[in-house]
Amino acid sequence: MRFFNTVFSRLDKRILAVVLVAALFVCLWIANVILSKYIIFIISLIGVYIVASESLNLTNGYTGLFSLGHAGFMAVGAYTSALLTFPVKSRDIFVIARLPAILGGPEAQWPFFPALIMGGIFAAVLAAVVGLPVLRLKGHYLAVASLGLMVLVTALAMNLRDLTRGSIGINSIPTYTNIWWAYIAVLITVYVVWRVVHSSIGRAMKAIREDEVAAKVQGINPLKYKLLSFTIGAFFAGIAGGLYAHLSGAIRPYAFSFNLTFQIVIMVVLGGQGTIAGPVAGAIIITVLRYVLKPLEEALQIYGLVELVYASLLIATMLRKPEGIMGARRVVRKMETSIPTEK
Amino acid sequence: MLTPEYLTQQIFNGIVFGAMYALLALGMTVIYGILRLIHFAHGALITVGAFCFYLFFMVFGLPFPAAIALIIAVGALMGVVLDVVAYKKAVGGPEVSMLITSLGFYIFIENLMKLIVTPQPYAFHTPEYLDKIYSMPMLTFRTIDIFIIVISVAIMVFFQLFVKKTRMGTAMRATSESGEAARMLGININRIISISFILASAIAAITGFMLGAKYGQIAYNMGFMAGVKAFVAIVIGGVGSIPGAMLGGFILGILEMFSVAFLPPGYAAYRDGIVFFILIIILIVKPSGIFGQREVES
């Protein structure tokens with residue numbers, strides 16, 4: 001009987017999930033028909049940010065690390081995908097090098113999907129190379145090292161002019177990303193994160209987040225799971241970057257600066273670190289806020305307003321409700337090294 | 001290209017920048033030692049210090065020593081504000097949440113500055129007697145360079161004496177060794193934290209003036225890279241060690257200058273990238289830095 005109960009409840013959940021997904025896509029279809037192109041662009045952009053923030057959540061939320069390099073991985077994905085798919089005919093006009101033989105030769109132009117995946121793979125490889133030494137160290141080293149990685153990636157994008165056209169950036173990228181690509185990517189990302197989090201891997205990650213020593217005693221190899229979460233996070237960040245490149249049609253090194261990282265961090269923190277729904281909510285709120293406040297900022301000529309609001313939201317969240325909008329209050333055991341403030 | 005004059009000139013430049021990084025690293029490492037916090041907002045105080053000097057000296061026309069005294073006061077005040085508003089609540093929680101809060105405050109201050117002063121860079125002037133150029137056979141320098149080196153070294157020496165010789169300094173070292181044990185010995189931890197913030201922030205503000213004077217211009221985002229480089233300096237010297245942080249600052253300054261001076265011209269734009277490349281190399285080869293203890297966990 002119990003067996004049937006579990007099967008039934010599982011089935012129930014699956015049906016619910018399928019119905020929800022179907023409802024989402026019907027909504028998107030209706031939106032796609034009736035709303036203006038500009039609104040559709042923003043909705044697709046929200047999808048891209050959900051992919052980015054959900055993947056950062058795997059590293060920052062579930063494993064308790066603090067990566068600030070997400071914009072760097074997005075840049076890797078964006079440039080890879082843009083360069084692979086750039087039409088052969090216009091390469092000479094836009095002074096973009098043709099592909100080397102190993103990637104298909106000078107006449108090759110990759111289709112969108114494999115290029116996107118390739119961008120994700122490059123980002124993941126980069127994450128593994130940097131993560132392997134840095135993740136052995138205490139958590140805050142990753143914050144600075146990943147920030148450094150982001151600066152390094154931006155510096156390369158600025159200066160490898162033959163490949164990236166420097167600060168001019170690449171424009172006229174074929175705009176393949178539409179609302180469907182964006183939300184199918186969202187679906188896959190959420191599904192993968194959900195599966196990872198509810199598997200033994202996810203439990204190991206959460207154990208490391210709660211207490212690394214205790215996790216080690218249980219036979220968990222922290223480095224392995226930290227690296228795994230960092231790499232998977234980077235892979236999806238690369239995908240998000242690729243989607244972004246083909247959504248906006250133009251990428252510049254400055255687009256992937258610290259502000260982007262910060263924006264994604266806020267999405268995760270505001271929504272709720274270590275929850276599936278949190279980054280989704282965060283991405284929606286922050287993106288909508290941006291497009292509401294940006295015209296105001298430009299009309300009043302007070303530049304910095306949007307970031308100021310973001311920063312205030314972040315600080316308020318951290319001081320008032322550190323678990324975020326979607327998070328349940330977790331009892332956090334105070335760390336040994338921390339200093340109690342109450343006298 | 002590689003004449004002895006050029007070499008000494010670059011080493012000298014490196015020392016000037018290194019002195020500033022060392023001052024920043026000093027403040028950050030004290031805060032890191034006590035709170036285990038990478039104090040991102042430290043960088044914002046550099047900007048605040050530089051712009052306050054601009055306001056007092058160039059707009060209000062106050063005499064130079066008064067302007068310097070005022071920016072030190074403003075820096076100390078910012079330290080109190082940060083301590084009370086930002087960290088009193090976050091201290092004791094998970095380390096990551098302090099880091100996020102600190103990041104939030106950095107962005108908050110930076111964009112508040114951007115709102116007030118607009119994104120344009122400002123030309124930064126010092127009194128004329130600090131701007132004189134001296135040419136020697138091996139070296140050309142301005143008075144401000146000497147000012148930076150002398151003041152930095154003086155601050156470092158005083159700080160070291162303070163930490164080693166006074167009761168407060170001893171309490172500070174005890175707290176950074178183990179907060180729990182220090183509290184049991186009757187040390188008022190909150191006071192130690194406040195004092196650290198005040199000292200570090202005042203030093204950051206005066207470093208802001210130095211950076212502005214050295215570059216000749218200031219902008220709302222000047223503090224970011226300087227702040228993060230200060231942390232790289234800490235890692236080079238060994239996390240948790242005050243002499244290490246200072247040495248790390250000088251090493252970083254000289255390495256950075258050399259990377260600009262001796263790499264082929266096209267690579268000068270990689271300046272910031274090279275700093276982080278050094279960081280990643282150090283984290284791979286010797287994560288404990290020059291003076292630090294091992295912090296490897298797995």
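Start where the chains meet: color chains A and B separately, and you'll find 46 residues of chain B in contact with 49 residues of chain A (contact means C-beta atoms, placed from the backbone, within 7 Å). Now select helix 4 (95–117) of chain B, one of the helices giving two or more residues to the side that touches chain A. Helix 4 of chain B supplies the largest share of that side, 14 residues. By class, the chain B side has 26 nonpolar, 11 polar and nine charged residues (nonpolar is Ala, Val, Leu, Ile, Met, Phe, Trp, Tyr, Cys and Pro; charged is Asp, Glu, Lys and Arg; the others, Gly among them, are polar).

A quick note before moving on: this is a predicted model, where local features need pLDDT of at least 70 and side-chain atom pairs 80 or more, while totals for chains, interfaces and linings use all residues. Residues are numbered from 1 along each chain as its sequence is written, with chains lettered from A and ligands numbered from 1 in the order written.

Next, select helix 9 (residues 200–210) of chain A; its buried residues include A:A204, A:M205 and A:I208 (buried means 20 or more other C-beta atoms within 10 Å of the residue's own). Helix 2 (37–62), helix 10 (212–217) and helix 11 (222–248) of chain A are among what covers the buried residues.

Show side chains: A:I201, A:A204, A:M205 and A:I208 of helix 9 meet residues of helix 11 including A:P222, A:Y225 and A:L228.

Conventions
Buried ≥ 20, exposed ≤ 12 C-beta atoms within 10 Å, placed from the backbone. Helix = DSSP H or I, 4+ residues; strand = E, 2+ residues; numbered from the N terminus. Contact = placed C-beta atoms within 7 Å.
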